[in-house]
Structure formats: structure tokens, C-alpha cells
Amino acid sequence: MLTQEVKNNIINALSKGELNNKVMTGDHVVSDTERDRFILPYDNTKRKIGNKLKRIVATTIVNQITKKINQTTTIVGLENIRHFPGPAIVTANHFSPVDSTIVRHFANAIGKKRKLSIVVAEANVFMPGKLGWLLKGVNTMPYALNLHYLEHNFNPALKKRLEQKHLILFYPEQEMWPGYTKPRKLQPGAYHYAAKHNVPIIPTFITMKKVDGIIYYTLNIFPLIYPDHDLPFKDRKTEMMNRDFYYKKNCYENFYHQELDYTYQESDLVY
């Protein structure tokens, strides 16, 4: 996963200040034909009977995997959302193909065992094998920069999931940087939808420590961020995004005992 080429891509992106660049190699590139055939009609809310059944099976399997992966995971800050019934948008840093299991571990802990939806890049829908089947089987919502898809599929599906009191996981850093420990620049999508639907952000940041070859994860949960209706819509989104980054930055600096900057050092990567 973290090959020398990928590491070089991270170093190169940092040197340019391009913190949301794609660094992984060999990712599927979705063609227009594939988008029309598979993404535009994607069953985001699992309306079809076959997809409902697949979701039950896939979610059961993924919950078992989640339990196994997160035997040493710690959750800090549950008191910030203990009595909150949802719905909400969860934001997290993106550093592993299985980092969503850490958020799922949290969702399961607060009684949202089957009410976690995950926004993924459209290319993930074309992931092959068992992992691809599981990804498509659980509540995933591919995001595509296609106006027709957004207006007629993704946006209504997201609204429905929020009405059903789901937690919806967004990765505002967008691209996955494997093993990268620092919070990166946040993109506005999650905050746009939170402001639009008047739901809070559950801001989180995952920290990592490797001891004797085992990576110990801590999911840090911060106070809910609500849209400020005294602000214009655009400023409302920005304020939520800035406050989220403030929490993530402070958490990073306190856990790793160093100020956040983007000068590359080997300790930035835990893998």
C-alpha cells in the first residue's frame, strides 16, 4: 500500500502545498460510459430487494471485521455526543482503506449499528473482489461530479438517510494518504450538506501509535458543530469547516507533541 512511489507522491504533494492530491497509484479511472451505466443509477438507499439483502449480509460481515480490526482501538470524547440521537455528518481523516471501520466501531458503540452511511469516491464502486462486494453491499454513497447524478440521486438519497437518523461519514480531506498522521486541508462538501440540511457535524480525528508492530488507534470525538443561522449560508459552511480543522489541528499537536506544519519527516507516516 505505502510503496516508495506513493511515499514520493506524498512528499512531492507536500512540497507543493497540495494537500488533497491523489497519491495512490493504479486507481481505477471512471469512464463516461461506466459513470452512465453504474454510477448514475446507483442504488444509494438500497431500495431494491436484492440490495437490501446484500446490505444485511455485508453489514454483518463488516461489523465482524470491524470488531477484529478495532480490538485495540480507543474512543475518546463520547461524552460530547452521548445523548445525541442523530442525524449528523461525521468527518474523519483518511489514511487507510479500512479507516472507516474505526468510525463504524464508534457508530456501533452508540447504537447506530446499521445506520452508518459512507460517502466514497466513485472509483471505489469498481473495486474488485470480496472487498469490492462488501463496499458496495454496505451503505456506501459514491460521489461524482455529475450534476444530473447529484440532483436526482445523491442529494435526495443523502436527505433520506438524514431523515432516517443516519450518521453520514465524509472524508473532507478527499484523497487517502496511507499512514499519514497530520490533518490536511478540508474541502467544503461535508459542511455544505450539514448547513443545507441543518444537521451538526460530529468532528473526529484518528491518531495512531505503533508499538511492537501493532498500530493502536484512538478515535477522538469533539463537541458537535452546529450551523450558525446568524451567518450567511456561505459563511456558515466556512465557519463549520474552520472550527472542525481547529479541533483536528489541536488534537494532532497535543497527541504528537509538535506544532502542525507540512514539512515532511519520516515520523509523519505510521504503517
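This is a predicted model: local features need pLDDT of at least 70, side-chain atom pairs count only at pLDDT 80 or more; totals for chains, interfaces and linings use all residues.
Trainee: Why are H3 and H5 called roughly perpendicular to each other?
Mentor: The axes of helix H3 (residues 49–69) and helix H5 (residues 129–137) cross at roughly 115°. Angles of 65 to 115 degrees count as roughly perpendicular, and H3 and H5 are therefore described that way. The two axes come within 8 Å, and H3 passes H5 in a left-handed crossing.

Trainee: Which residues make the contact between H3 and H5?
Mentor: H3 contributes Lys54, Arg55, Val57, Ala58, Ile61, Val62 and Ile65, while H5 contributes Trp133, Leu134 and Gly137. To count as contact, heavy atoms must lie within 4.5 Å.

Trainee: What makes one residue of that contact polar?
Mentor: The contact of H3 with H5 has seven nonpolar, one polar and two charged residues. Gly counts as polar, and Gly137 of H5 takes part in the contact. Lys and Arg count as charged, and Lys54 and Arg55 of H3 are in the contact.

Trainee: What surrounds the largest pocket?
Mentor: Its lining has 50 residues, and His94, Val120, Ala121, Asn124 and Gln174 lie nearest the centre. The volume of the largest pocket is about 1,600 Å³. By class, this lining has 30 nonpolar, 13 polar and seven charged residues.

Trainee: How do you know which helix gives the most to the lining of the second largest pocket?
Mentor: H5 gives the most, with three residues. Helix H2 (32–39) and H3 each supply at least two. The second largest pocket has a volume of about 350 Å³, and its lining divides into five nonpolar, two polar and six charged residues.

Conventions:
Residues are numbered from 1 along each chain as its sequence is written. Side-chain values use heavy atoms; hydrogens and water are left out. Axes are lines fitted to C-alpha atoms, for helices over the stretch in contact, and angles run from 0 to 180 degrees between N-to-C directions. Helices (H or I, at least four residues) and strands (E, at least two) are DSSP runs, numbered from the N terminus. Angles under 35 degrees count as roughly parallel, over 145 as roughly antiparallel, 65 to 115 as roughly perpendicular and the rest as oblique. A crossing is left-handed if the near helix is turned anticlockwise from the far one by less than a right angle, and right-handed if clockwise. On a 1 Å grid over the protein atoms alone, a cavity is a set of points where a 1.4 Å probe fits but cannot get out, and a pocket is an open set with protein on both sides within 12 Å along at least five of seven lines; lining residues have an atom within 4 Å of a point. Grid points are joined across faces, edges and corners, and a volume is the space filled by probe spheres set on the points.
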